[in-house]
Amino acid sequence: MSDRTTAPEAPTAGPAVTNSPHVDAGDAGYSKDLKSRHINMIAIGGAIGTGLFLGAGGRLADAGPSLAIAYAVCGVFAFFVVRALGELVLYRPSSGAFVSYAREFMGEKGAYTAGWLYFLNWSTTCVADITAAATYAHFWSMFSDIPQWILALIALAVVLTANLISVKYFGEMEFWFAIIKVAALVSFMLIGIFLLVTQQEVGGHTPGFATISANDGIFPLGMLPMLLVIQGVVFAYASVELCGVAAGETENPAKVMPGAINSIMWRVGIFYVGSVVLLALLLPYTAYSGDESPFVTVMDKLGIPAAAGVMNLVVLTAALSSLNAGLYSTARILRSMALAGSAPKFTGRMNKGQVPYGGVLLTAAFGVAGVALNYVMPGQAFEIVLNFASIGILGTWGMIMLCSLLFWRRSQEGRLTRPSYRLPWAPYTQIVTLVFLVSVVGLMWAGGGVGRTTVMFLPLIAAALVGGWFVVRGRVNAIAAERADG
């Protein structure tokens, strides 16, 4: 990437542009309790999640060291998406985020589609997160006899309670969760570098490039497996858009957002690509599996007392952090939709802590369904929901880039002014990203198995969206007409 893309631009971002005639009723009523440190750490937490801590193990086993390439490619497109969202945020900060922008540039149908795709993303991701949390807990012998579904239910109950208090508590929780994740990854990488430099054995293997070359190189199973794991890698970046939602609850998004978004690129390079490269150098790719975090695998092989347990506690924290973020963001999106008529009325309600508790509870209800899934098929729960979450993520990112493209076109027509903080190389960046997202769906089909089954559900998802629109459009049109008259 060029300096134009990655250089910090906070000093030149300037104030948010206020030439938008659009007013979103869903933005009213929130406290502005999120500080700069919260937004920055939310951005970090969004870029480091369950997809890395748990998912990287199985993907290393499937694709080998080439997984690092997949993370790098997907990371570039994730950065484009969040950069496009950042430009829209500086144009008009909104807690409704891309749903609000879809309403402005694509109408209520666009907002309805964007919102429910996002809900599909996070309702299924919440299931993945509680599944991951229960899987991690089974690492300790004291929990090994407790059924996975009970542990999943406990994880959901703890995070749900914390999320309902206030946005300030959410921000603090994410702040410390992110610090724990970053500290753990930095510590792991320092240990890994030390092992490489000193050539200390790890599980009977001497770390280094020979670990890769002696096990059939970067593409031990060919290039196709690397392409097929991309849809799972996309899931790993599912939370990068969270800082755009959180911008609606901070006092000065024009000052805070550019630096937080720009830093995502180097975080991706260091934490995702760097850690996967280290994992591949420390142990053969065959040593990893989807049943255990790869970081725990390495620590366990080192034989350091309690090291694996500490790392497992960290990855458990990452799962709870992702769950916390999912409940937070969907609640804000659902409230924006509810006040426009395209989501159930109760999801627009706020409690005394200025939290849209209706949306939190609706998302948590799907988490309870995930508890049932963990009861019925504990071994397959994570993979099933991961694929459905990927569909929601691809749809959400696609809607963000479409909004960005329409925003760019209106600026070209002179109908609005883009802020100085911009997505570079528009409109080509948006078009290339949209092509990439469509190609990921093709890869899901090509991979067969659960991925192909998920793609086969696309017509059903589309039919549900169309049917739902016919149910809510009367209320949506009535609310829109009432606002126009007012």
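Helices (H or I, at least four residues) and strands (E, at least two) are DSSP runs, numbered from the N terminus. The model is predicted: local features need pLDDT of at least 70, side-chain atom pairs count only at pLDDT 80 or more, and totals for chains, interfaces and linings use all residues. Residues are numbered from 1 along each chain as its sequence is written, and side-chain values use heavy atoms, with hydrogens and water left out.

Leu227 is partly exposed because its relative accessibility is 31%. The cut-offs: buried is under 20% relative accessible area, exposed over 50%, partly exposed in between (1.4 Å probe, protein chains only).

**The nonpolar patch.** Which helix gives the most to the patch? H10 does, with three residues. Helix H5 (67-91) and helix H10 (223-228) each supply at least two.

**Salt bridges.** Next, show charged side chains. A salt bridge is a side-chain nitrogen of Lys or Arg within 4 Å of a carboxyl oxygen of Asp or Glu. The count is four. One of them joins Arg92 and Glu104 at 3.0 Å, N to O. Arg92 lies in the loop between H5 and helix H6 (97-137) and Glu104 in helix H6, so the pair ties together parts twelve residues apart in sequence. Arg92 is buried at 8%, and Glu104 is buried at 11%.

Move to Arg103 and Glu108: their closest N and O atoms are 3.0 Å apart in a salt bridge. Arg103 is buried at 9%; Glu108 is buried at 18%.

Then pick Glu413 and Arg415, a salt bridge at 3.1 Å, N to O. Glu413 is partly exposed at 47%, while Arg415 is exposed at 54%.

**Cysteines.** Select Cys74, buried at 1%, then Cys403, buried at 0%.

**Zoom out.** The chain has 20 helices and zero strands. Its radius of gyration (over C-alpha atoms) is 22 Å, close to the 23 Å that the globule rule (2.2 Å times the number of residues to the power 0.38) gives for 486 residues, so the chain is as compact as a globular protein of that length. Buried residues make up 59% of the 486.
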